[in-house]
Amino acid sequence: MTTDSTYHPQQLHTYVTEVCGALGSEPEEAGLVADQLIGANLAGHDSHGVGMMPAYVASVAGGRLFVNRHISVASDSGSVLVIDGNRAFGQVAGYEATNLAIERAREAGVALAGLRNSFHIGRIGHWGEQCARAGMVSIHFVNVAGNDPIVAPYGGADARFATNPICVAVPSMGDEPAALLDMATSLIALGKARVAHNSGLELPSDTALDGSGNVTRDPAGLMAVPRDGAIIAFGNHKGSGLAIMCELLGAALTGGMTISPRHERDDSAINSMLSIVIDPGALTSRSSLVAEANEFLDYVRSSSVRAGFEEVLIPGEPELRARQARAAAIAVDDGSVSQLRWAAGKAGLPETRIEELLG
Ligand SMILES: NC(=O)c1ccc[n+]([C@@H]2O[C@H](COP(=O)([O-])OP(=O)(O)OC[C@H]3O[C@@H](n4cnc5c(N)ncnc54)[C@H](O)[C@@H]3O)[C@@H](O)[C@H]2O)c1
């Protein structure tokens with residue numbers, strides 16, 4: 001077990017903007033990266049929070065991720081857009097691509113946007129929230145390539161794809177979505193194994209396999225180079241099927257890179273994402289969608305609670321609660337702090353910057 005240091009979210013935000021600045025990012029880019037990473041910590045997803053910075057710094061240094069790059073539109077046929085992420089920061093590519101898709105959905109009622117060849121676009125819920133704030137419903141299918149597979153298919157003993165996330169967001173009349181499903185199609189996200197490894201914790205039971213295909217709770221094999229083991233796809237054959245569809249829709253359909261061994265694996269996290277952005281006004285109206293949704297969601301919440309459970313939650317509620325609980329304090333484990341020291345030093349800042357920010 002390791003101990004934690006507790007940071008104010010603003011201190012971690014400053015750390016990320018300063019490290020990005022030291023890498024050469026323009027202030028707007030540094031702000032987008034920090035907003036998304038610290039937003040993930042605030043939402044309770046440390047797997048996609050400030051702890052991503054060491055991988056980003058290593059990727060910039062290794063010439064796999066490029067600062068100050070932007071998206072380019074590869075093809076544009078009205079409500080259908082194919083967008084190249086140009087190995088920009090995923091926080092920039094995701095933001096720009098989502099903005100374009102929202103704009104098109106406003107004009108046409110629906111937009112289909114394929115974003116390919118972006119560096120890691122982080123917590124996909126961030127893009128669902130961007131759509132929901134604009135009053136849009138959105139559906140996102142995402143694959144992860146550029147690295148070895150990490151998730152075993154149903155019945156498989158070794159990995160064939162990554163943690164391929166899916167997100168569906170439904171707006172409310174305010175800024176927060178009425179419901180936001182944002183999930184890896186693996187039983188756990190890889191970043192959660194990293195956090196467990198850094199914290200000296202075991203993996204949840206029945207979530208991972210060792211190199212021989214046996215169930216294990218030790219995260220070490222998943223973090224080893226080369227990797228020795230796999231995470232199990234969620235939901236048996238159904239979840240494994242959804243993960244496969246993320247690869248086919250997110251990457252094959254958008255002209256992106258699947259994780260097929262024919263494509264280069266250079267220790268990157270290259271995401272491709274198919275986003276379907278829908279203006280509710282094209283089918284009904286936002287207010288009517290929200291009224292019907294709220295009535296239904298309340299009906300779901302009112303289910304009597306099974307033994308062993310405390311309550312029934314709607315997707316997105318755990319993140320809302322985490323945001324309230326973490327508004328003034330985010331715990332970072334010692335293993336992650338030492339990686340953040342390394343990242344600051346590699347980017348050209350004093351290694352002690354992360355401790356200095358703690359004051
Ligand atoms: N960019 C990438 O390559 C990539 C890859 C994989 C995952 N991710 C991200 O990793 C993050 C973590 O994914 P995860 O699958 O570990 O998340 P998770 O298992 O914590 O949550 C998944 C979903 O379930 C909902 N949920 C959780 N507990 C609930 C409960 N008790 N009742 C009702 N709903 C509940 C959450 O609101 C969320 O929508 C996501 O933000 C995802 O986008 C990114």
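How far does a backbone N or O atom of I124 lie from an oxygen atom of the ligand? The distance is 2.9 Å. This is a predicted model, in which local features need pLDDT of at least 70 and side-chain atom pairs count only at pLDDT 80 or more, while totals for chains, interfaces and linings use all residues. Residues are numbered from 1 along each chain as its sequence is written, and side-chain values use heavy atoms, with hydrogens and water left out.

Taken alone, the ligand exposes 860 Å², and the protein buries 78% of that; accessible areas come from the Shrake-Rupley method with a 1.4 Å probe, and for residues only the protein chains shown count as cover. The largest share of the shell, four residues, comes from β8. Of the 22 residues around the ligand, G122, D182, A184, G316 and E319 come nearest, where near means that a heavy atom of the residue lies within 4 Å. Sorted by class, the shell has eleven nonpolar, seven polar and four charged residues; Ala, Val, Leu, Ile, Met, Phe, Trp, Tyr, Cys and Pro count as nonpolar, Asp, Glu, Lys and Arg as charged, and the others, Gly among them, as polar.

Charged pairs come next. Side chains of opposite charge can pair when their charged atoms come close. A search of the whole structure finds 18 salt bridges, each being a side-chain nitrogen of Lys or Arg within 4 Å of a carboxyl oxygen of Asp or Glu. In one of them, the side chains of E129 and R323 meet at 2.9 Å, N to O. This pair links distant parts of the chain, with E129 in helix α5 and R323 in helix α10, 194 residues apart. E129 counts as buried because its relative accessible area is 9%, whereas R323, at 22%, is partly exposed; buried means under 20% relative accessible area, exposed over 50%, and partly exposed in between (1.4 Å probe, protein chains only). R123, E129, E176, D182 and R323 are linked in a network of salt bridges. Another salt bridge joins R341 and E355, also 2.9 Å from N to O. R341 sits in helix α11 (residues 334–347) and E355 in helix α12 (residues 353–358), 14 residues apart. Both partners are partly exposed, R341 with a relative accessible area of 26% and E355 with 31%.

The backbone has some details worth a look. A cis peptide bond, with omega of about -10°, joins V225 and P226, and P226 belongs to the loop between α7 (220–223) and β11 (229–232). R87, a residue other than glycine, has a positive phi near 55°. R87 lies in the loop between β3 (80–84) and α4 (90–108) and is buried, with a relative accessible area of 13%.

Note on methods: A polar contact is a pair of N or O atoms within 3.5 Å; within protein, one must be able to donate a hydrogen and the other to accept it, and residues adjacent in sequence count only if both atoms are side-chain atoms. Helices (H or I, at least four residues) and strands (E, at least two) are DSSP runs, numbered from the N terminus.
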